[in-house]
Amino acid sequence: MSVSVTNSLSIRLFYNHYSSVASGSTRKNSTTGTLSFADATALRNAVRNLQDYKFEDVTKDQIQEKLKAFTDTMNNTLESAAKYGKGNSSVKHAASTIKNLNTQYASDLAKIGITVNKDGSMSLYENAAKNYSVSKFSEFFDKDSQYLSDLYSAAKRITRRVDVRI
């Protein structure tokens, strides 16, 4: 899985204190533990951020950027957890849970312009925000979303099981 990460405001917000490992040379030089912890923390932040996001109050470009940041964060988490999970069964299981969730909700994700690939990673339609109604994003990323709740729990398990000394 090759991950292409944009350096957007949303990515920096999701990664917060760990924004330096979101992309670039710092990411390449970081340990798998650091990456797994930072990525899973960013995924948790992404879930909370999207649940509170007011899709109706922003432009289509801002929605597209937010969706891109979500899919990039998801893909980073899956990639780093797979590497770290080779030596940690709990992290491996949590990554597997995330992949299964993505597969289980693939048709719902497709309705907002996100494709789930065979390996569980995500791809975003280039014009997802322009091609789908704002109400679909608000409904999918609702606070009561079972997908987001389960996703948050799996990411939390990763952050609890990664041995990292940053």
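At what angle do the axes of helix 4 and helix 5 cross? In this predicted model, local features need pLDDT of at least 70 and side-chain atom pairs count only at pLDDT 80 or more, while totals for chains, interfaces and linings use all residues. Residues are numbered from 1 along each chain as its sequence is written, and side-chain values use heavy atoms, with hydrogens and water left out.

Helix 4 (residues 60-84) and helix 5 (residues 89-104) cross at roughly 145°, and their axes come within 8 Å. Helices here are DSSP runs (H or I, at least four residues), numbered from the N terminus; axes are lines fitted to C-alpha atoms over the stretch in contact, with angles from 0 to 180 degrees between N-to-C directions. On the helix 4 side, Met74, Thr77, Leu78, Ala81 and Tyr84 meet Val91, Ala95, Ile98, Lys99 and Asn102 of helix 5 (contact means heavy atoms within 4.5 Å).

Then come the aromatic rings. Rings of Phe, Tyr and Trp (its six-membered ring) pair if their centres lie within 6.5 Å; planes under 30 degrees apart are stacked, over 60 edge-to-face, and the rest tilted. That rule gives nine aromatic pairs. One of them, Tyr105 with Tyr147, is tilted, at 5.0 Å centre to centre and 55° between the planes. Tyr105 lies in the loop between helix 5 and helix 6 (106-110), and Tyr147 is 42 residues away in helix 9 (residues 146-161). Tyr105 is buried at 15% relative accessibility, and Tyr147 is buried at 1% (buried means under 20% relative accessible area, exposed over 50%, partly exposed in between, with a 1.4 Å probe and protein chains only).

How values were computed. Helix = DSSP H or I, 4+ residues; strand = E, 2+ residues; numbered from the N terminus.
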